[in-house]
Structures are given as C-alpha cells and as structure tokens.
Amino acid sequence: MKPHRIAAILLALAFAAPLAAPLAAQAKKASLPADSMVIGRKYTAWFYSGQADSLLAHMEPGASQAMPKEALLNQLSQMTARAGAEVEVLEEKFITRNGNRQYWRSAKFSSFDEPLLVRWVITPAGTIAGFGLGPKSQAPAIDP
C-alpha cells in the first residue's frame with residue numbers, strides 16, 4: 001500500500017480516543033454486567049449495520065452529545081470506504097483504561113492491511129460511555 005494512502009487511512013480512522021471524558025482512574029476494575037461480552041458484540045453489530053439510533057439510546061448523555069447520529073454514521077461510512085467489511089474477529093477482551101472497563105474487538109477487514117480495533121467504554125449499567133476505532137498497532141495504553 002502506498003504511504004500516502006496509509007496516511008489517509010490512519011487519519012480517517014483516528015478515532016482512537018474514547019469520546020467521553022475519562023473518569024478518574026480507579027484502583028480496582030469497575031464491575032460489569034454478566035453479559036458484557038454480549039453487550040460489546042451487540043454494540044459493534046449495531047455500529048457495523050448503521051443502527052445509530054440504537055447506539056444513541058444506549059449512550060450516556062456525555063457520549064451521545066460528543067457523538068451525534070450523523071457523526072456515528074460518518075465514522076461508519078469512512079471506515080467502510082477505507083477498510084471494507086470485517087472478515088475475521090481476531091480477539092475480543094475487556095481491559096481497563098483510565099479506570100473504565102472497555103470491550104476491545106480486534107478484527108481483520110477486507111481492504112485494510114492491519115487489524116482494526118473497535119473499543120466501547122461500557123459502564124457498570126451496560127451503557128456506552130465512549131467509543132474508539134483505529135489500527136490495532138495504535139491501541140492506547142491500558143491500566144496496569
């Protein structure tokens with residue numbers, strides 16, 4: 001892939017920071033609902049299929065203000081145009097970043113050379129407090 005194309009893709013996919021302001025770091029991991037993996041998968045499926053209204057209905061107020069419907073759909077459009085469709089899930093896990101639990105989904109896409117990382121900040125109530133998307137190689141640091 002040509003360097004200018006890689007730069008354009010990375011710039012367009014520079015959604016690596018969660019949209020909601022991070023909460024103060026906590027000493028222990030926030031508890032999550034028992035079906036958290038299912039919730040993360042559901043939010044990702046809604047994002048991939050353009051169900052922005054469903055995502056917005058499950059977002060914390062700060063996250064929904066930072067990422068209105070048009071912005072969600074624009075991110076999906078840019079991701080699809082540059083990376084294609086998800087073809088294989090490589091890894092799913094929960095991590096803690098800035099004291100918040102995040103669902104991380106690493107996957108191969110049809111038109112992108114490296115795996116992309118979809119991240120959802122999920123509250124103990126199961127709602128969305130933030131979202132991130134970008135190349136896996138540029139994943140943000142996690143809490144120790």
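**First stop: the paired strands**

Select Val89 and then Ala107 in strand 2, which is its bridge partner. Before going further, note that this is a predicted model, in which local features need pLDDT of at least 70 and side-chain atom pairs count only at pLDDT 80 or more, while totals for chains, interfaces and linings use all residues. Residues are numbered from 1 along each chain as its sequence is written, and side-chain values use heavy atoms, with hydrogens and water left out.

Strand 2 is mostly covered, with nine of its 10 residues buried; buried means under 20% relative accessible area, exposed over 50%, and partly exposed in between, with a 1.4 Å probe and protein chains only.

Next, select Asn98, in the hairpin that has two residues between strand 1 and strand 2, where Asn98 takes a positive phi near 55°. Most residues other than glycine have a negative phi. Asn98 is partly exposed, with a relative accessible area of 27%.

On the other pairing of strand 2, six bridges join it to strand 3 in an antiparallel arrangement, and Arg105 has Val118 in strand 3 as its bridge partner. The hairpin joining strand 2 to strand 3 passes through six residues.

**Second stop: helix 2**

Which residues of helix 2 are buried? Select Ser36, Ile39, Gly40, Tyr43, Thr44, Trp46 and Phe47, which are the buried residues of this helix. They lie on the same side of helix 2 because they cover an arc of only 160° around the axis, an arc taken from the directions from the helix axis to the C-beta atoms. Among the elements that cover these buried residues are helix 3 (52-57), helix 5 (69-83) and strand 4 (128-135).

Finally, select Glu60 in the loop between helix 3 and helix 4 (61-66), where Glu60 counts as partly exposed at 32% relative accessibility. Leaving aside neighbours within four places in sequence, Glu60 is in contact (heavy atoms within 4.5 Å) with Thr123, Thr127, Ile128 and Ala129. The C-alpha atoms of Glu60 and Thr127 are separated by 6.4 Å, although the two are 67 residues apart along the chain.

Methods
Helices (H or I, at least four residues) and strands (E, at least two) are DSSP runs, numbered from the N terminus. Two strands pair if DSSP finds at least two bridges between them.
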